[in-house]
Amino acid sequence: MQLVTIFAGFIVFGFSENSKGPAIPRIQFDFMLNESQLGTLLSLNALGYLLACSFTAFLTRIWGIKIVSVAAFGSMIASGVLIYFSHSYPAFASSYFLMYIGNGMLEIALAILGARIFVKNTGTMMNLTHGFYGISSTVAPLVATGLMNVTVLGHTLDWRGMYLVMLSLSILPIISALRSSFPGDSLTHEERIPLKALMRDPALWLMVLILTFGVVSELAVGGWLVYFLEKAYGWDTVTASGMLSAFFLCFTLARLILGPLTDKIGFTLSLIVFSGFSALCTFAALIGGEGYAVLFAAAGLGIAMIYPTVMAFIAKRYSRGSDTAITFTVTLMGVGSVIGNYLIGGVIEGTKAIYGADTPIGLLRGLQAGYGFIGLCAAVCAAFGVVLYRYLKRRRELI
């Protein structure tokens with residue numbers, strides 16, 4: 001039942017996180033938002049995620065993972081109801097904020113549980129569980145697009161109804177969590193590695209930087225790819241959502257198939273290879289133009305491996321302090337996500353102003369610059385991976 005909870009949890013997580021691609025253009029239209037405001041909205045969501053990361057480990061020690069997991073899923077259901085009834089921008093932004101608090105609580109709880117139970121073949125199992133996130137992420141844009149056009153009793157669900165349906169799926173992992181027993185909550189305080197000791201390890205700080213740039217690049221695709229293809233190349237929503245689904249198909253296949261490779265060649269080298277591959281695909285797609293758009297999807301093969309590989313690294317290196325290390329790393333990553341999402345919107349607006357804010361060429365160059373920033377994040381992730389590799393090799397601590 002622990003595995004069922006993890007797998008089902010990541011499936012729901014994928015739906016809640018990646019249904020926004022097709023919804024964002026309609027949300028922008030309904031509330032009359034510009035690109036900078038969209039970036040700010042996504043940054044506020046990341047802030048909610050960050051807030052949840054800052055207190056979830058503490059709650060886990062007090063209540064245990066079971067109660068925290070149920071609370072996370074419950075908050076997501078509540079946010080779906082609130083989104084459905086939100087008809088003003090402040091109400092919608094608050095409801096979206098609550099959803100990301102639930103997402104943050106859920107991710108920390110699932111990461112802690114995975115670090116506790118996957119003591120063998122850690123890289124393979126971490127990638128497998130995160131592969132279920134990829135599975136739901138692959139179909140989420142298409143399912144979301146379909147649901148937004150469904151009519152029930154003469155009423156079209158649109159994006160509000162779509163979020164209500166998607167987030168209501170959280171009831172399934174709630175059932176499995178309530179029927180589960182979870183390990184590790186009995187570990188005494190004296191047996192855990194203190195935070196101060198962890199913060200003295202340069203490897204952990206490098207891991208924070210790798211995870212931050214990797215996750216900004218990963219999550220930005222879900223929020224900006226559909227928008228980019230629609231506005232820059234004039235694609236319709238269905239076709240653009242199909243490309244996003246192709247990205248997450250590559251994303252999922254990588255986690256399901258390439259997980260054992262991380263155990264074989266090592267977690268540190270894997271981070272360099274996969275993030276570098278993602279950056280190359282993204283830049284090649286931008287330089288090649290519309291005819292090379294499929295490379296946006298291929299980038300998912302590389303960026304998919306970053307998060308689970310970092311979690312596997314932490315589980316191996318900090319086995320007696322994985323709760324603290326995961327929370328510390330993911331919390332600081334959340335800070336980077338807030339800044340990253342804001343910068344993407346800002347880069348787009350700034351570049352548009354240079355080329356002509358209200359001209360087609362200004363919009364195209366702005367979107368290319370913004371998406372180029374996503375590729376740059378993957379490249380920086382690879383660069384810090386090289387620094388980490390050299391540090392650990394010098395100390396003979398390569399993992």
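Trainee: How are α4 and α7 oriented to each other?
Mentor: This is a predicted model: local features need pLDDT of at least 70, side-chain atom pairs count only at pLDDT 80 or more, and totals for chains, interfaces and linings use all residues. Residues are numbered from 1 along each chain as its sequence is written, and side-chain values use heavy atoms, with hydrogens and water left out. Helix α4 (residues 65–84) and helix α7 (residues 158–168) pack at about 165°, with axes 8 Å apart. Angles under 35 degrees count as roughly parallel, over 145 as roughly antiparallel, 65 to 115 as roughly perpendicular and the rest as oblique, so α4 and α7 are roughly antiparallel.

Trainee: How are helices, axes and angles defined here?
Mentor: Helices (H or I, at least four residues) and strands (E, at least two) are DSSP runs, numbered from the N terminus. Axes are lines fitted to C-alpha atoms, for helices over the stretch in contact, and angles run from 0 to 180 degrees between N-to-C directions.

Trainee: Which residues of α7 does α4 meet?
Mentor: Contact means heavy atoms within 4.5 Å. From α4 come M76, I77, S79, G80, V81, I83 and Y84. Their partners in α7 are W159, R160, G161, Y163, L164, L167 and S168.

Trainee: How does that contact of α4 with α7 divide by class?
Mentor: Ala, Val, Leu, Ile, Met, Phe, Trp, Tyr, Cys and Pro count as nonpolar, Asp, Glu, Lys and Arg as charged, and the others, Gly among them, as polar. On that basis the contact of α4 with α7 has nine nonpolar, four polar and one charged residues.

Trainee: Is the crossing of α4 and α7 left-handed or right-handed?
Mentor: A crossing is left-handed if the near helix is turned anticlockwise from the far one by less than a right angle, and right-handed if clockwise. For α4 passing α7, the crossing is left-handed.

Trainee: What about α2 against α7: what is the angle class?
Mentor: The axes of α2 and α7 come within 9 Å. They cross at roughly 140°. That makes α2 oblique to α7.

Trainee: What classes of residue make up the contact of α2 with α7?
Mentor: K20, A23, R26, I27, D30 and F31 in α2 meet D158, W159, R160, M162 and Y163 in α7. The contact divides into six nonpolar, no polar and five charged.

Trainee: D158 is in that list. What is the phi of D158?
Mentor: D158 lies in helix α7. Buried means under 20% relative accessible area, exposed over 50%, partly exposed in between (1.4 Å probe, protein chains only). At 22%, D158 counts as partly exposed. D158 is not a glycine, yet phi is positive, near 55°.

Trainee: Where is M32, and is M32 buried or exposed?
Mentor: M32 sits in the loop between α2 (20–31) and α3 (35–63). M32 also has a positive phi, about 55°, although not a glycine. Its relative accessibility is 73%, so M32 counts as exposed.

Trainee: Which residues does T56 touch?
Mentor: T56 is placed in helix α3. T56 is buried, at 0% relative accessible area. Residues up to four places away in sequence are not counted; T56 then touches V68, G104, M105, I108 and A109.

Trainee: And which residues contact L110?
Mentor: L110 is in helix α5 (residues 89–117) and is buried, at 3%. L110 and S69 are 41 residues apart in sequence, but 7.9 Å apart in space, C-alpha to C-alpha. Leaving aside neighbours within four places, L110 is in contact with T5, I6, G9 and F10.

Trainee: Which residues contact T122?
Mentor: T122 lies in helix α6 (residues 122–148). T122 is buried, at 2% relative accessible area. Beyond neighbours within four places, the contacts are D263, A312, A315 and K316.

Trainee: What is the handedness of the crossing of α16 and α17?
Mentor: Helix α16 (residues 306–317) and helix α17 (residues 322–355) have axes that come within 10 Å and cross at roughly 145°. Y307, M311 and I314 in α16 meet S322, A325, I326, T329, V330 and M333 in α17. By class, that contact has seven nonpolar, two polar and no charged residues. The crossing is right-handed.

Trainee: Last one: how many of the residues count as buried?
Mentor: The protein chain has 18 helices and two strands. Its C-alpha trace spans about 60 × 50 × 35 Å along the principal axes. Of the 399 residues, the buried share is 58%.
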